[in-house]
Each structure stands twice: as C-alpha cells, then as structure tokens.
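Welcome! Let's take a friendly walk through a protein model, one topic at a time. Have a look at the picture first, then read on.

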Amino acid sequence: MIKLKKSEWFALTSLFLLSFVPSVGGVLRLVTMNSGLEILPANPRIHSDPVPIIFHIIGSVLFCILGAFQFLPSMRLNYAMWHKLAGRIFIVAGVVSALSGLWMTNFYSFSKDLQGNLLFIVRIIVGVAMTTFIVLGLRAVISKQIIQHKAWMIRAYALGQGAGTQVFITIPWILTVGDPTGITRDLLMTAAWIINILVGEWIINRSKHHSPTRVEMVRWNTMRS
C-alpha cells in the first residue's frame with residue numbers, strides 16, 4: 001500500500017480525473033484501430049497514417065499517468081528508485097507525445113472547423129515548449145538543481161495535460177451551445193493550455209522558497225549514483 005498524505009491523495013486523484021477521459025479515449029482509439037471494432041467513429045486521418053497517433057496516444061497516456069506520481073513528495077522520498085525509473089519513462093513518453101503531436105499538427109489534414117490558424121500556431125508552440133521544458137528539466141536534475149528540475153517538469157506536465165482540461169472546458173459548451181467549431185474551438189482549446197500553465201506557475205511560485213531538505217538531497221544523490 002502506497003503511503004501518502006491526504007493532500008497527496010487529493011492531488012493524485014485530481015490528476016487521474018484530469019487524465020481519465022483523454023486516456024480512455026486514446027486506449028479505445030487503439031483498440032478500434034487494431035481490432036476492427038467500431039468503438040469510436042472512423043477518422044480518415046488516422047486510417048491513412050496511423051503510426052503518429054499510436055505513438056502520441058502511448059506517449060501521452062504514460063506521461064499523464066506517471067506524472068501524477070512524480071510530483072508527490074512522499075513518492076520521491078519513500079520510493080526513490082521507483083521515482084528514478086518512472087522518471088526515465090516519463091521523460092521519454094513526454095518527448096514522444098510532444099514530437100508526435102507536432103508531426104500530426106503539421107502533416108495531418110484538418111478542416112478549418114477542427115484546426116484554424118490560431119490553433120495550428122498554438123499547437124506548434126505547445127509542442128516545442130513541452131519538449132524544451134523536458135530537456136531543461138533533465139539537464140537540471142543532472143546538475144543537481146532540484147528546484148529548477150521540478151519547475152521545468154511541472155511546466156511540461158501542465159502542457160501535456162492540455163487535453164484533460166480541454167474536456168472540462170468543452171463539455172459545458174457542448175451541452176449549452178453545441179459542438180464548437182472554427183475560431184470558437186481554437187479559443188477553447190487554447191484557453192485550456194493557458195489555464196494549465198497558469199496553475200503550473202502558481203504551484204511553482206508557491207513552492208520556490210522551500211529548499212530541498214537534507215533527506216531529499218541525500219535521496220537525489222543516491223538516485224543519481
């Protein structure tokens with residue numbers, strides 16, 4: 001049984017809920033692609049070039065699920081080896097998710113209703129930023145800059161969780177107005193990433209004055225040895 005504080009259980013549950021719909025949707029898409037069952041509506045873009053979406057789904061699901069554990073202090077302190085191993089998968093999954101997302105944004109054919117100029121630009125920025133943040137986070141931990149490492153990974157995770165926030169934003173719109181299209185869809189999708197990065201920066205600023213404890217430093221040095 002994993003030993004976590006009540007606040008950590010709340011954070012973990014919240015992140016799982018945020019990841020739930022995109023993760024389940026992604027898994028169902030993989031099942032649809034590989035079984036021939038019509039679980040989800042057919043998508044001509046995926047049918048014509050399925051490899052990028054397969055990489056994107058697997059990378060995104062691993063990134064979101066593993067990331068929910070990576071930021072919990074109790075996991076870092078009490079399960080240091082797991083944190084180290086999961087962190088390596090987390091980094092690879094995040095890069096795969098971001099790069100495959102960039103590929104699909106550039107090479108998949110979208111109608112203006114699904115991806116206008118605004119959303120295209122935002123998706124490019126998000127993919128490049130997410131990759132950059134992960135690389136900076138990796139460099140920071142190698143240099144034993146724990147606070148900087150945590151901050152960069154929070155930023156990357158906030159961007160990676162964009163799909164989850166998009167669900168919570170668009171469902172009320174769909175229920176009250178209908179399916180968003182065109183510039184409305186672009187703005188709603190963009191708003192999700194803005195919300196996530198603002199929340200991420202709030203978390204970073206709230207904890208930036210708390211230096212790592214001696215126990216944390218010992219654990220980090222042990223993990224790197």
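How many residues does α9 have, and how far does α9 reach from its first C-alpha to its last? The answer is 26 residues and 39 Å, close to the 38 Å expected at 1.5 Å a residue. Please keep in mind that this is a predicted model. Two packed helices are described by the angle between their axes and the distance between the axes, and the notes below use that pair of values.

**Helix α9 and its surroundings**

- Helix α9 covers residues 182-207.
- The buried residues of α9 include Gly-182, Arg-185, Asp-186, Leu-188, Met-189 and Thr-190.
- Further along α9, Ala-192, Trp-193, Asn-196, Gly-200 and Ile-204 are buried too.
- An α-helix has 3.6 residues a turn, so residues three or four places apart point the same way.
- Among the elements that cover the buried residues of α9 are α6 (117-142), α7 and α8 (162-176).

**α7 against α9**

- Helix α7 (residues 146-160) and helix α9 have axes that come within 8 Å and cross at roughly 160°.
- Angles over 145 degrees count as roughly antiparallel, so α7 is roughly antiparallel to α9.
- The crossing of α7 past α9 is right-handed.
- On the α7 side, the contact is made by Lys-150, Ala-151, Ile-154, Arg-155, Ala-158 and Leu-159.
- On the α9 side, the contact is made by Trp-193, Asn-196, Ile-197, Gly-200, Glu-201, Ile-203, Ile-204 and Ser-207.

**α6 against α7**

- The axes of α6 and α7 are 8 Å apart, and these two helices pack at an angle of about 155°.
- The helices α6 and α7 are therefore roughly antiparallel to each other.
- Here α6 passes α7 in a left-handed crossing.
- From α6, the contact draws on Val-126, Ala-129, Met-130, Phe-133, Ile-134, Leu-136, Gly-137, Leu-138, Ala-140 and Val-141.
- From α7, the contact draws on Gln-148, His-149, Trp-152, Met-153, Arg-155, Ala-156, Leu-159 and Gly-160.
- The residues of the contact of α6 with α7 comprise 13 nonpolar, four polar and one charged.

**α1 against α8**

- Helix α1 (residues 6-35) packs with α8 at an angle of about 90°, and their axes are 8 Å apart.
- What does that angle say about α1 and α8? They are roughly perpendicular to each other.
- Leu-17, Leu-18, Val-21 and Pro-22 of α1 meet Ala-163, Gly-164, Thr-165, Val-167 and Phe-168 of α8 in this contact.
- Seven residues of the contact of α1 with α8 are nonpolar, two are polar and none is charged.

**Helix α3**

- Helix α3 (residues 51-70) has 20 residues and reaches 28 Å from its first C-alpha to its last, close to the 28 Å expected at 1.5 Å a residue.
- Its buried residues include Pro-52, Ile-53, Ile-57, Gly-59, Ser-60 and Phe-63.
- Cys-64, Leu-66, Gly-67, Ala-68, Phe-69 and Gln-70 of α3 are buried as well.
- The cover over the buried residues of α3 includes α1, α2 (44-48), α4 (73-78), α5 (80-107), α6 and α7.

- Not counting residues up to four places away in sequence, Asp-186 touches Gln-115, Gly-116, Asn-117, Leu-118 and Leu-119.
- Asp-186 and Val-95 are 91 residues apart in sequence, and their C-alpha atoms are 24 Å apart in space.
- Phe-107 has its place in helix α5 and is exposed, with a relative accessible area of 57%.
- The C-alpha atoms of Phe-107 and Gly-200 are separated by 30 Å, and the two residues are 93 residues apart along the chain.
- Val-128 is found in helix α6 and counts as partly exposed at 43% relative accessibility.
- Between the C-alpha atoms of Val-128 and Gly-101, 27 residues apart along the chain, the separation is 9.8 Å.
- Lys-144 lies in the loop between α6 and α7, and at 45% relative accessibility it counts as partly exposed.
- Although Lys-144 is not a glycine, it has a positive phi of about 65°.

Definitions and conventions:
Residues are numbered from 1 along each chain as its sequence is written. This is a predicted model: local features need pLDDT of at least 70, side-chain atom pairs count only at pLDDT 80 or more; totals for chains, interfaces and linings use all residues. Side-chain values use heavy atoms; hydrogens and water are left out. Axes are lines fitted to C-alpha atoms, for helices over the stretch in contact, and angles run from 0 to 180 degrees between N-to-C directions. Helices (H or I, at least four residues) and strands (E, at least two) are DSSP runs, numbered from the N terminus. Angles under 35 degrees count as roughly parallel, over 145 as roughly antiparallel, 65 to 115 as roughly perpendicular and the rest as oblique. A crossing is left-handed if the near helix is turned anticlockwise from the far one by less than a right angle, and right-handed if clockwise. Contact means heavy atoms within 4.5 Å. The expected span of a helix is 1.5 Å times one less than its number of residues. Buried means under 20% relative accessible area, exposed over 50%, partly exposed in between (1.4 Å probe, protein chains only). Ala, Val, Leu, Ile, Met, Phe, Trp, Tyr, Cys and Pro count as nonpolar, Asp, Glu, Lys and Arg as charged, and the others, Gly among them, as polar.
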